[in-house]
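Thank you all for coming; I would like to walk through one model this morning, going slowly and defining the terms as they come up.

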Amino acid sequence: MSTLNQALVGIIMGSKSDLPVMQDAVDVLKTLGVPFEVTIVSAHRTPQRMFDYAQDAAERGLKVIIAGAGGAAHLPGMVASITHLPVIGVPVKSSNSIDGWDSVLSILQMPNGIPVATVALNAAKNAGILAAQILGTYNAETAKNVIAFKADLAKKVIETAEEVEQMTF
């Protein structure tokens, strides 16, 4: 398990093949200064590991879990059914996916009582930002970092708009 300081966010995925997508959550949490951990927890191949991870997450200090999965994508929902922590599901377009829709719908269509916040297909960056926003509701430094991050996004759009406006068509 990879840990940066005392992890507040757990980033889990069904297999190593999900890592290229989930790396975006890692990168944005690093940028925002949010401590996290990363590991592989398969709902289908290691159900006891999944159960133990979800059951012990809050006790270990986690505040949010980001769970990425492709195909049937049961990991986010199953983890949400075990823990009281907020779970953010990242549908991953995998090699055995039906264009990613199977993953999106598996995470999105949770029954009442077991909510999973769901981001767009392969949008682990948004999951990282959302996790930081959740933490920012009670951590002023994280809130400040998220505000600065979003201000930088706006600045880049304005700069790009000015470039386009200067072009001759």
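Predicted model: local features only at pLDDT ≥ 70, side-chain atom pairs only at ≥ 80, totals over all residues.

Let me begin with a question: is aspartate 99 buried or exposed? Aspartate 99 is exposed, with a relative accessible area of 52%, where exposed stands for over 50% relative accessible area, buried for under 20%, and partly exposed for what lies in between, using a 1.4 Å probe and protein chains only.

Residues are numbered from 1 along each chain as its sequence is written, and side-chain values use heavy atoms, with hydrogens and water left out.

To stay with aspartate 99 for a moment, this residue is found in the loop between S5 and H4, where helices (H or I, at least four residues) and strands (E, at least two) are DSSP runs numbered from the N terminus. Not counting residues up to four places away in sequence, aspartate 99 touches Lys93 and Leu121, contact being heavy atoms within 4.5 Å. With lysine 93, aspartate 99 forms a salt bridge whose closest N and O atoms are 3.1 Å apart; the term requires a side-chain nitrogen of Lys or Arg within 4 Å of a carboxyl oxygen of Asp or Glu. Lysine 93 itself counts as partly exposed, at 44% relative accessibility. Glycine 71 is 28 residues from aspartate 99 in sequence, and the two are 9.4 Å apart in space, C-alpha to C-alpha.

The chain crosses from S2 to S3 through helix H1, residues 19–31, in a β-α-β crossover that is right-handed, which is to say that, with the strands pointing away from the viewer, the path from the first strand over the helix to the second runs clockwise. Five bridges also join S2 to strand S4, residues 64–70, again in a parallel arrangement. As for individual partners, glycine 10 has glutamate 37 as its bridge partner in S3, and isoleucine 12 stands opposite alanine 67 in S4.

Strand S4 also holds valine 64, which is buried with a relative accessible area of 0%. Leaving aside neighbours within four places in sequence, the contacts of valine 64 include Leu8, Val9 and Gly10, as well as Pro86, Ile88 and Ala131. Alanine 132 is 68 residues from valine 64 in sequence, yet their C-alpha atoms are 8.9 Å apart in space. Alanine 132 is in turn touched by threonine 142, as are Val34, Leu135 and Gly136, not counting residues up to four places away in sequence. Threonine 142 has its place in helix H6, residues 140–165, and is buried at a relative accessible area of 8%.

Helix H3, residues 75–82, has Leu75, Pro76, Gly77, Val79 and Ala80 as its buried residues, and what covers them includes S2, H2, S4, S5 and H4.

Now back to charges: how many salt bridges does a search of the whole structure find? There are four, and one of them joins arginine 60 to glutamate 37, with the closest N and O atoms 2.9 Å apart. Arginine 60 lies in the loop between H2 and S4 and glutamate 37 in strand S3, so the pair ties together parts that are 23 residues apart in sequence. Glutamate 37 is buried, at 3% relative accessible area, whereas arginine 60 counts as partly exposed at 32%. In helix H6, the side chains of lysine 156 and aspartate 152 also meet in a salt bridge, at 3.2 Å from N to O, and these residues, being four apart in that helix, are separated by about one helical turn. Lysine 156 counts as partly exposed at 45% relative accessibility, and aspartate 152 is partly exposed too, with a relative accessible area of 33%.

Notes: Pairing = 2+ DSSP bridges.
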